[in-house]
Amino acid sequence: MADLTAQALLDLPQEEMAKAVSALSQPQLDAAKTWKFWQRGDQCEPAGDWRVWLVMAGRGYGKTRMGAEWAREKAENEAGVRIALIGATMGEARSVMVEGESGLLSLEHAATPEWKSSLGQLKWPNGSVATLYSAAEPEGLRGPQHDYAWADEIAKWTNGDVAWDNLMLGLR
C-alpha cells in the first residue's frame, strides 16, 4: 500500500485488513505513528489558493489537532515564518493551542520548539515563531505581521469583528 492511512485500512474487508496489517514493514509501522496516517480526508488542508479555511464541527472532531498539526507543518517546513495563534483569551490560547492535549507542545516535532511562556511565543530552530494573541485584546493584533494564523473558537471572541479585521490586515 503506497499511501497507507488508517482510513485506507478501515476501507478493506476484515480479512484483507488483517493481512495488510501483518505485512507492514518497519517504515510503514513508523509512519502509522504520524498525523498523516491517522487524519481523515476531511481533516486535510484544502487544495488550491485559499486565504481562510474554516472548520466548523462539533466536539471530538479533531479541530485543535488539525490546527496544531497545520501550524507545526508550516513552522517546520518554511524557515522563518511568523504564525499568529489567536484564542478568545490569552489563557485559552495557551491552555488549548499550545499546552493542551492536542496543542502544539503535545505533537512530535522534527525539531522541538522552545516555549517562551513569558513572551507567549514558540520558537523553532529554523527561525519560525508562533505568537499568542487574545481576541479580547484586538489591539494586540494591530501592527504585527504574520505569514499564517490559526484562529481558535472565533464564535466566542468578545471583540470578534475588530480582532478579525486587525488579524486580516497583518497577514502577508
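Strand 4 is mostly covered in this predicted model, with six of its six residues buried. Val129, Thr131 and Tyr133 point one way from the strand, while Ala130, Leu132 and Ser134 point the other way. In a regular strand, side chains alternate between the two faces of the sheet. In strand 4 the residues pointing either way are buried.

Strand 4 has pairing partners in strand 1 and strand 3. With strand 1 the pairing is parallel and runs over six bridges; here Ala130 is the bridge partner of Ile83. Strand 3, residues 121–123, runs antiparallel to strand 4 and is joined to it by three bridges. Ala130 is also the bridge partner of Leu122. Strand 3 and strand 4 form a hairpin with five residues between them, and Gly127 in the turn has a positive phi of about 95 degrees.

The largest nonpolar core has 18 residues, and those with the most contacts inside it are Leu85, Leu104, Leu122 and Trp150. Two or more residues each come from helix 5 (63–77), strand 1 (82–87), helix 6 (90–98) and strand 4 (129–134). Helix 5 gives the most, with four residues. Leaving aside residues up to four places away in sequence, Leu104 touches Ala68, Ala71, Arg72, Leu85, Met97, Val98, His109, Leu122 and Trp150. Apart from this core lies another, of eleven residues, including Ala84, Ala88, Ala135 and Leu171.

Helix 7 spans residues 160–170, and its buried residues are Gly160, Ala163, Asn166, Leu167, Met168 and Gly170. These buried residues pack against strand 1 and strand 5 (148–151).

Methods: Residues numbered from 1 in each chain as written. Predicted model: local features only at pLDDT ≥ 70, side-chain atom pairs only at ≥ 80, totals over all residues. Heavy atoms only, no water. Core = buried A, V, L, I, M, F, W, Y, C linked by side-chain atoms within 4.5 Å. Buried < 20%, exposed > 50% of the residue type's maximum accessible area, 1.4 Å probe, protein only. Contact = heavy atoms within 4.5 Å. Pairing = 2+ DSSP bridges.
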